[in-house]
Amino acid sequence: MASVARREEKGSDVNVASHLLIDVLTRKVDAAVVISNDSDLAYPISVAREHVPVGLINPTKGVRAGKLAGTPSEGAGSHWWYRLAPDDLSSHQLPNVISSRITNPAPW
């Protein structure tokens with residue numbers, strides 16, 4: 001007997017790409033930050049970089065996908081890249097006790 005759990009996100013990269021380009025091309029944003037290491041986003045990110053500064057945050061342990069590379073000065077310029085580290089999450093958590101009525105759940 002075997003048990004298999006498969007989690008897939010269908011269309012999430014298309015949604016990110018669509019919203020990124022709509023916001024950039026309709027000038028609703030002055031800059032964009034994309035949290036992904038999905039190389040499927042290479043083209044929309046490249047187009048966005050022509051119009052606004054784009055920050056790209058890699059949430060994985062691996063190196064940045066090669067297709068997401070670029071230079072800080074291309075297009076609109078001021079682009080940047082960052083890879084999340086384990087400490088990034090733990091150092092930005094709320095304290096265990098905020099007030100006498102607000103506390104983290106015990107399992108945390």
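What is the relative accessible area of leucine 84?

Reply: The model is predicted: local features need pLDDT of at least 70 and side-chain atom pairs pLDDT 80 or more, while totals for chains, interfaces and linings use all residues. Residues are numbered from 1 along each chain as its sequence is written, and side-chain values use heavy atoms, without hydrogens or water.

Leucine 84 has a relative accessible area of 34%, so it is partly exposed (buried means under 20%, exposed over 50%, partly exposed in between, with a 1.4 Å probe and protein chains only). Leucine 84 sits in the loop between strand E3 and helix H3 (86-90); helices (H or I, at least four residues) and strands (E, at least two) are DSSP runs numbered from the N terminus.

Leucine 84 is one of five residues in a nonpolar surface patch, together with Val33, Ile35, Trp80 and Tyr82. Patch members have over 30% relative accessible area and no salt bridge; nonpolar side chains (Val, Leu, Ile, Met, Phe, Trp, Tyr) are joined within 5 Å, like charges within 9 Å. Two strands, E1 (32-35) and E3 (80-83), each contribute at least two residues to this patch.

Three strands make up an open sheet in the order E1-E2-E3, with parallel pairing (two strands pair if DSSP finds at least two bridges between them). E1 and E3 are the edge strands, each pairing on one side only. From one strand to the next the twist averages 15°, taken between N-to-C directions of axes fitted to C-alpha atoms, with angles running from 0 to 180 degrees and helix axes fitted over the stretch in contact.

In E1, Val33 and Ile35 lie on the uncovered face, whereas Ala32 and Val34 lie on the covered one. In a regular strand the side chains alternate between the two faces of the sheet.

E2 is another matter. In strand E2 (residues 54-58), 5 of the 5 residues are buried, so the strand is largely enclosed by the rest of the structure. Val54, Leu56 and Asn58 are buried on one face of E2, and Gly55 and Ile57 are buried on the other, so that both faces are covered.

E1 and E2 run parallel and are joined by 4 bridges, with alanine 32 opposite valine 54 in E2.

The structure holds 1 salt bridge, a side-chain nitrogen of Lys or Arg within 4 Å of a carboxyl oxygen of Asp or Glu. Arginine 49 pairs with glutamate 74, their closest N and O atoms being 3.9 Å apart. Arginine 49 is in helix H2 and glutamate 74 in the loop between E2 and E3, so the pair ties together parts that are 25 residues apart in sequence. Arginine 49 is buried, at 3% relative accessibility, while glutamate 74 is partly exposed, with a relative accessible area of 24%.

The loop between E2 and E3 also holds serine 78. Serine 78 has a positive phi of about 65° although it is not a glycine, and with a relative accessible area of 55% it is exposed. Arginine 27, in the loop between helix H1 (12-25) and E1, has a phi near 60°, again a positive value in a residue other than glycine. Arginine 27 is exposed at a relative accessible area of 75%. Most residues other than glycine have a negative phi.

Beyond H3, the following segment holds arginine 101. Arginine 101 is exposed, at 79% relative accessibility. From C-alpha to C-alpha, arginine 101 and alanine 69 are 47 Å apart in space, and they are 32 residues apart in sequence.

Terms used
Accessible areas come from the Shrake-Rupley method with a 1.4 Å probe; for residues, only the protein chains shown count as cover.
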